[in-house]
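Open your viewer and get ready to click along. We will begin with the whole molecule and then stop at a few places inside it and on its surface.

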Amino acid sequence: MEERGRGGGGAASWGLRCLVRRKRVDSPESAGGRLQLARRLSVFDLVAIGVGSTIGAGVYILVGTVAREHTGPALTFSFLIAGIAAGLSALCYAELACRCPSAGSAYHYSYICIGEGVAWLIGWSLLLEFTLGGSAVARGASPNLALFFGGQDKLPVFLARHTIHGIVVDPCAAILVFIVTGLLCTGIKESSLAQAIITSVNVGAMLFIFVAGGYLGFKTGWAGYELPHGYFPFGVNGLLAGSGTLFFSYVGFDCLTSTAEEVRNPQRDLPLGIGISLLICAMLYMLVSAVIVGLVPYYALDADTPISSAFASYGIDWAVFIITIGAVTALCASLMGSILPQPRILMAMARDGLLPSFFADINKQTRVPVKSTIVTGIFIGVLAFFMDVSQLAGMVSVGTLLAFTIVAISVLVLRYIPPLEAPPPLSCQHSAASLSYQSGGDIQEIVRGKIVHSSDDGNIYCQNFDKGSTDMTPLLQGKSYKGVHTEQGRRKIAAWSIAFVCAGVLVLASAASAKSLPSLLRLILSGVGGLLLLGALIVLSLTDQADARNNFGHPGGFICPFVPCLPVSCTLVNTYLLINLGAGTWIRVSVWLTVGALIYVSYGQSHSRLSMHSSRQTVPAEDGNCNCMRESFSTNPVPITPPR
């Protein structure tokens with residue numbers, strides 16, 4: 001966070017600084033008497049929420065489409081590659097969740113590590129992701145429930161879809177959303193227990209598919225694997241293309257980080273919850289896919305109901321009932337995972353002043369943001385009732401991939417240029433080039449009734465000239481002053497390296513995706529982007545990580561390995577997937593982001609708590625030394641002890 005600019009370019013300069021100002025890590029001391037969410041979640045609760053949010057009904061459909069169009073019998077390997085790619089983001093999330101265990105997930109991390117403008121962009125994108133994702137999941141409930149009644153026309157009138165003035169309304173979707181919303185309002189422990197029960201049924205159905213399918217496969221000779229054109233009919237390109245599609249079947253673990261404020265021991269439990277959830281999901285996906293593509297040749301799989309049709313082809317029609325139960329419970333668990341994070345993101349944004357305080361209220365009895373949850377449920381329910389959002393599925397992916405990308409970059413920022421939670425005295429922040437004037441070998445600056453004086457011996461002194469005193473109090477000794485300049489140089493090198501990494505990733509991913517460009521031009525751009533990325537990565541690898549990273553945020557917890565290579569790889573994968581979402585998706589997302597930018601400029605920027613309480617002050621303490629305000633929401637001056 002910066003001070004208001006003096007002199008020319010005031011308004012524009014201040015507006016730009018609003019975008020990059022950063023807040024401190026939340027702590028119990030910064031709560032200011034504000035009611036907090038209840039810490040009631042254990043590792044078991046987190047695993048139930050994570051698995052339930054991740055394994056949606058999509059796995060009951062994706063295995064057929066991806067196998068037919070991309071992978072063939074190699075579907076299991078595509079799930080493995082997609083799981084590894086998702087695991088890269090999970091490792092980045094785990095470290096930030098330990099260091100900054102507050103509600104808000106990627107919005108909260110980007111606000112601390114990058115700045116307010118990017119944080120608003122991520123928060124606004126996540127709201128779009130969870131809203132559309134929840135509506136799409138709810139909309140898929142009635143077709144699956146219809147299987148229990150013998151078809152869509154057999155559903156009860158209050159659940160069946162109807163056409164009104166050309167609009168297909170879905171009462172079942174809206175009712176399901178309202179039931180889940182009411183459940184989430186009862187408390188986080190109660191809703192996590194319900195999630196655990198629903199998820200257990202879903203996992204049981206998937207294990208049944210594996211066991212029963214495996215028995216059939218060994219009994220009949222695995223007809224799906226006995227193909228003349230091999231295990232990889234579409235080659236490596238098809239395998240990777242299938243992995244890109246299946247990547248989104250792992251999305252859901254990020255909702256765990258939005259509950260960080262409700263976890264009993266976030267430094268230990270959050271990494272375990274994220275890791276175990278992903279491991280369970282990957283194992284279930286691979287087991288089910290290995291069985292299904294072995295039972296039926298990939299080209300004979302039904303694109304809409306691959307698992308049910310595979311069992312039906314062997315005359316086991318009763319298995320369809322169990323598979324349908326798994327699909328319905330997967331829908332319910334996924335819907336809970338879509339609605340759960342959104343009120344907490346709204347609450348985090350309202351706490352920071354970027355949204356009205358209405359969304360920050362926490363119910364005293366249930367200790368959850370009931371008002372935000374109700375508003376979220378009503379909005380998603382109405383949208384699911386009136387609109388089929390399946391054609392907007394790409395917009396859901398934008399929010400997810402943007403969040404994954406920013407989280408990876410935030411890990412780099414945390415390791416190399418972590419924010420200063422307590423800034424040094426204002427009189428010590430300026431370099432020699434920015435001081436007021438030079439006289440001989442001395443440098444002087446007048447700061448709030450004091451003279452900051454750098455003498456020939458290399459020490460910096462603070463003199464109270466307003467009281468007529470001639471006492472010279474050393475603020476910073478010469479050796480420490482030189483160390484400050486060394487650290488500033490290291491931070492500049494790291495900052496530019498991170499910037500060049502981002503530029504190289506963008507150029508390389510864009511060139512690799514631009515199939516309409518001539519081959520030679522694509523090759524040149526890919527080479528330029530690759531060299532830029534590789535050079536910046538080498539410089540970053542040779543640069544020492546900041547010592548301040550060890551004291552940043554909450555101590556202890558998980559440490560992301562293989563930095564900077566792992567976060568850079570994660571950034572490259574997610575950026576490539578983002579660019580390949582298509583122009584139509586980006587046009588629709590741009591409309592949503594434009595609306596968000598207008599809201600931020602008209603309301604959020606001026607109501608931000610950083611805007612109202614971020615002015616730095618330097619005041620004389622009783623002992624005559626300089627004190628400095630913390631960059632936080634607190635208004636209590638915090639003395640900064642000069643290094644000795």
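Accessible areas here come from the Shrake-Rupley method with a 1.4 Å probe, and for residues only the protein chains shown count as cover. With everything selected, the accessible surface of the protein comes to about 27400 Å², and 65% of that belongs to carbon and sulfur atoms.

Before zooming in, please note that this is a predicted model, in which local features need pLDDT of at least 70, side-chain atom pairs count only at pLDDT 80 or more, and totals for chains, interfaces and linings use all residues. Residues are numbered from 1 along each chain as its sequence is written, and side-chain values use heavy atoms, with hydrogens and water left out.

**Whole view.** Switch to a cartoon. You will find 21 helices and ten strands; these are DSSP runs, numbered from the N terminus, with helices being H or I of at least four residues and strands E of at least two. Of the 644 residues, 53% are buried (buried means under 20% relative accessible area, exposed over 50%, partly exposed in between, with a 1.4 Å probe and protein chains only).

**Stop one: the core.** Select Tyr60, Tyr93, Ile209, Ile307 and Phe311, the residues with the most contacts inside the largest nonpolar core, which has 151 residues. Such a core is a set of buried Ala, Val, Leu, Ile, Met, Phe, Trp, Tyr and Cys residues joined through side-chain atoms within 4.5 Å. Helix α16 (residues 393-416) supplies the largest share of this core, 16 residues. Now centre on Ile307: what is it in contact with, leaving aside its neighbours within four places in sequence? The partners are Val59, Tyr60, Val63, Ile209, Val288, Ile292 and Ile323, where contact means heavy atoms within 4.5 Å.

**Stop two: salt bridges.** The whole structure has ten salt bridges, each a side-chain nitrogen of Lys or Arg within 4 Å of a carboxyl oxygen of Asp or Glu. Select Arg415 and Glu95, whose closest N and O atoms are 3.0 Å apart. This pair links distant parts of the chain, with Arg415 in helix α16 and Glu95 in helix α4 (residues 75-99), 320 residues apart. Both residues are buried.

Next, show Asp361 and Lys371, a salt bridge with its closest N and O atoms 2.8 Å apart. Asp361 lies in the loop between α14 (341-351) and α15 (370-386) and Lys371 in helix α15, so the pair ties together parts that are ten residues apart in sequence. Asp361 is partly exposed at 34% relative accessible area, and Lys371 is partly exposed at 37%.

**Stop three: a surface patch.** Select Ile167, Phe178, Ile374, Ile378, Val382, Phe386 and Met387, which make a nonpolar surface patch of about 590 Å². Patches are made of residues with over 30% relative accessible area and no salt bridge; like charges are joined within 9 Å, and nonpolar side chains (Val, Leu, Ile, Met, Phe, Trp, Tyr) within 5 Å. Helix α15 gives the most to this patch, with four residues. Met387 sits in the loop between α15 and α16.

**Last stop: Ser249.** Is Ser249 buried or exposed? At 6% relative accessibility, Ser249 counts as buried. Look for Ser249 in the loop between α10 (235-246) and α11 (266-295). Leaving aside neighbours within four places in sequence, Ser249 is in contact with Thr54, Leu62, Phe79 and Tyr285.
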